[in-house]
Amino acid sequence: MRTLLVLGGGYGGLALIQELLNNHLPQDIEIILIDRMPYQGIKTEYYALAAGTVTDYHLRIQFPVHPRLTIRYGEVSSIDLESRIVTMEPDETVSYDILAIALGCTDNYHNIPGADQYTCSIQTFAGTRETYQRLNDVKPYGTINIVGGGLSGVELAAELRESRPDLNISILDRGERVLSAFPAKLSQYVEEWFHHHQVQTFGRVSVSHVEKDALFNGEEEILSDVTVWTAGIQPVKVVQELTVPKDRGGRIILDEYYRVPDYPEVYVIGDCASLPFAPSAQAAGAQGEQVAHVIQALWRGETPKLHPIRLKGTLGSLGKKAGFGLMGQRSVKGRVPRILKSGVLWMSKRTLG
């Protein structure tokens, strides 16, 4: 038997596995999935779990059950590309013939002192549960600061406003406006929504260090009951430690078939891969399917043929009744993008579950 080892059961890893299981898996192939949890967490909705508007049960998708799929639960501690061995904590090893790395990302604290120690995260299911506890234990009229005005920070702030109308909520970003990667008109719409709902947004804030009850913009002290970090991501530590060529963001540089050039049996999917678009669940899922097509073609002795990945756009929510989005070059605002996002979530749960 040959072993295809998949590290990470998120959007990319699960898309790869399901595409292979649904399309005549060769008899001599065994798929092993390693994940820290016994289900996939719907990461695009972690902001709602942190805010307390959904339960974690509603953000779980069960892994597929198949006689050719073995699931191992645990934390990956190292990858030995030369020996083709993956080590799980504490010291369990798994060998492979083909490896797919789909381990996702972790927070990037940009070497800011105290940021990793004194801020909350929404990058993992466990971390998001802790953030929910911290946010919802804050006494009325407490102060919440969200560092980072990208999609995650905006959605968390809006959802938390619906969940806790008594709190003082602020978004701090080092850019001039929230959602700096989006068109200015969308950013302005979101800023106006926040103004109407008493969420403060501050631009040109460069966090210099973080303490237990405060963060600092240079010498300026900003008091904080809870600080949530949504100011950037990077590949997980086990990928950071791999000595292979990477881009400026620490993501692994790949060939045209998403393989590590010096290790063609190793594929990288999602947030750990150097791709021509921003990391997202949508991109990881689409790439996972394409990696399955590459592997299937190689098993048949054919040259893989891939089409460029075309992303459908980005949708964001402002609580349960409003949203925003970018569909190609077209900006959408109001109730429609929120309904669309709910539909996408329903479809993903149905498709993956």
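Which residues does UniProt list for "domain: FAD/NAD(P)-binding"? Select residues 4–285: that is the range in the UniProt record, an unreviewed entry. UniProt positions here follow the numbering of this structure, feature names are shortened, and annotations may be inferred rather than shown by experiment.

Before you click on, two notes. You're looking at a predicted model, where local features need pLDDT of at least 70, side-chain atom pairs count only at pLDDT 80 or more, and totals for chains, interfaces and linings use all residues. Residues are numbered from 1 along each chain as its sequence is written, and side-chain values use heavy atoms, with hydrogens and water left out.

Keep 4–285 selected and colour by secondary structure. This stretch is 24% helix and 29% strand, and its end C-alpha atoms sit 18 Å apart. (Helices are DSSP runs of H or I with at least four residues, strands are runs of E with at least two, and both are numbered from the N terminus.)

Next, pick Glu89 and Pro90. A cis peptide bond joins them, with omega about 0°. Pro90 is in the loop between β7 (85–88) and β8 (92–95). For background, most peptide bonds are trans, and most residues other than glycine have a negative phi.

That brings us to Leu179, in the loop between β12 (168–172) and α6 (184–196). Leu179 isn't a glycine, yet its phi is positive, near 50°. Is Leu179 buried or exposed? Buried, with a relative accessible area of 1%. (Buried means under 20% relative accessible area, exposed over 50%, and partly exposed in between, using a 1.4 Å probe and protein chains only.)

Last stop: Tyr258, in the loop between α7 (237–240) and β19 (259–260). Tyr258 is not a glycine either, but has a positive phi of about 65°. Tyr258 is buried, at 11% relative accessible area.
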